[in-house]
Structure formats: structure tokens, C-alpha cells
Amino acid sequence: MFITFEGIDGSGKSTQLALVARRLRDAGRAVVETVEPGGTVIGRKIRQILLDPEHSALSPVAELLLYFAARAQNVDEVIQPALRRGAVVLSDRFTDSTLVYQGHGRGLGADTVLALDRVACRGLAPNLTLFLDIAVDTALDRARQRGADRMEAEDHVFYQRVRDAYHALSAAEPARVIPIDATGSPDAVAARVWTVVSARLK
Ligand SMILES: Nc1ncnc2c1ncn2[C@@H]1O[C@H](COP(=O)(O)OP(=O)(O)O)[C@@H](O)[C@H]1O
Ligand SMILES: [Mg+2]
């Protein structure tokens, strides 16, 4: 079972992933947590390049390829071996993030992103994707309190476009991409998330 957490910055992905991981482990499941970009030693070095505020000159295509380089490493080194062992893999972002941020947000196109996905992931796709949905202003306030990086300094219009793209994705793949109301307390959101996850694991 491969579960991904998606949503704009500050929507609560990392918070909810940790809560699901704990709950699954309490239920006796083997769980592997990963994060994109990152998840591996090599991936974390790529992440540093992507998030460095001095890299404002990073071209959109170079950025796209770096995301997939980190992802290919994560798939081979962490995700596929864990799935083969029978673990539940939880990933904080995956290809859907690249689809909405680079494909739609930066206008590189979904076709390009999906072509690279075939190279990097070779057919691996999430069984379930939790789309944490929240208003852009609320999410940006949360993200700012945590300290902004290069991606989080982007403007409101960009994030609205990204949120719209997530909505389109869940409309196109309703069985996989489940929107979750991400407002309210972390525990309130976690209860909504768990309802979906526990039903899927049965
Ligand atoms: N339901 C919530 N209500 C209020 N603050 C939250 C909630 N969930 C997360 N936060 C806080 O908002 C910030 C962003 O949450 P985080 O889980 O890091 O989001 P993401 O990983 O999607 O960027 C963190 O400081 C976190 O503690
Ligand atoms: Mg996070």
C-alpha cells in the first residue's frame, strides 16, 4: 500500500503524515515514511539545490528534472524495497506535486511531467492520495509561521492555480485522489484522514 499526502504548502501534509504513521504502527503495521524532494541522502542534496534562495536563476526545466532525479532515487532506494517487504509507504508529496506545481503552476504541461514520471517511477503510482484542501491564505499563514523558503515566497495567484490543479486532479481520478477538508485542529483533520485510510486498508 502506497499512500501519498498532497496539498499546497502549509496545508498540513507533514503533520498528518506523522499522525497516520503513528496510528498505523499502533495497529501493528510496518510503516516507511518518506518525503519529496528528499527521502534519500542523494535526494536531500538535490532538495538543497531546489530550495536554496540563491537559486532564483534555476530554470523551470532544470527544476523539473531535479525533482524527478530525486524521485527516481527515492523509488529505487526506499519506496519499492519497502513495498516489496509489505510495508505501508507514506510519502509527503509525490508526482502529483510535480504535476500541479511544475506542470500547471509553472506551465510546463502535464504531458511532459507524465512522460518523465514513466521514466523515473516505471509504473509505480500511489494506491491512495490524500489531498489536504485548504484556502490559500490559511495555508500561507501556517507556512509563514514555520519559516518560508524559496517555494513558499511565491505569490498568492500561483498557489491558487496549484490548488485549482489539485481539484482538477481529484475530479479526474476520484477513486485515488481524495480531498480532505484540512481546516480545523490537527486532530479534527486526522479524524477525517483516518476514516479514508482505514477504509482503504480493510
Ligand atoms: N490543523 C492545523 N491547524 C493549525 N496549524 C496547523 C494544522 N496542521 C498543521 N499546522 C501547523 O501549520 C504549519 C504547516 O503544517 P505542515 O504539516 O508542516 O504543512 P505542510 O507539510 O503541508 O507544509 C506547521 O507549523 C504546523 O504545525
Ligand atoms: Mg511539509
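Hi everyone, let me start with a definition: on a 1 Å grid over the protein atoms alone, a pocket is an open set of points where a 1.4 Å probe fits, with protein on both sides within 12 Å along at least five of seven lines. Its volume is the space filled by probe spheres set on the points, which are joined across faces, edges and corners.

This is a predicted model, where local features need pLDDT of at least 70 and side-chain atom pairs count only at pLDDT 80 or more, while totals for chains, interfaces and linings use all residues. Residues are numbered from 1 along each chain as its sequence is written, chains are lettered from A and ligands numbered from 1 in the order written, and side-chain values use heavy atoms, without hydrogens and water.

The second largest pocket has a volume of about 200 Å³. Its lining (residues with an atom within 4 Å of a point) has 13 residues, with Thr 95, Asp 96, Leu 114, Asp 117 and Arg 176 nearest the centre. Helices H4 (95–105) and H5 (110–121) each give two or more residues to that lining; helices here are DSSP runs of H or I, at least four residues, numbered from the N terminus.

So how do H4 and H5 pack? Their angle is about 150 degrees and their axes are 9 Å apart, with axes fitted to C-alpha atoms over the stretch in contact and angles running from 0 to 180 degrees between N-to-C directions. H4 and H5 are therefore roughly antiparallel, the word for angles over 145 degrees. Contact, meaning heavy atoms within 4.5 Å, involves Thr 95, Leu 114 and Asp 117, among others.

Key. Angles under 35 degrees count as roughly parallel, over 145 as roughly antiparallel, 65 to 115 as roughly perpendicular and the rest as oblique.
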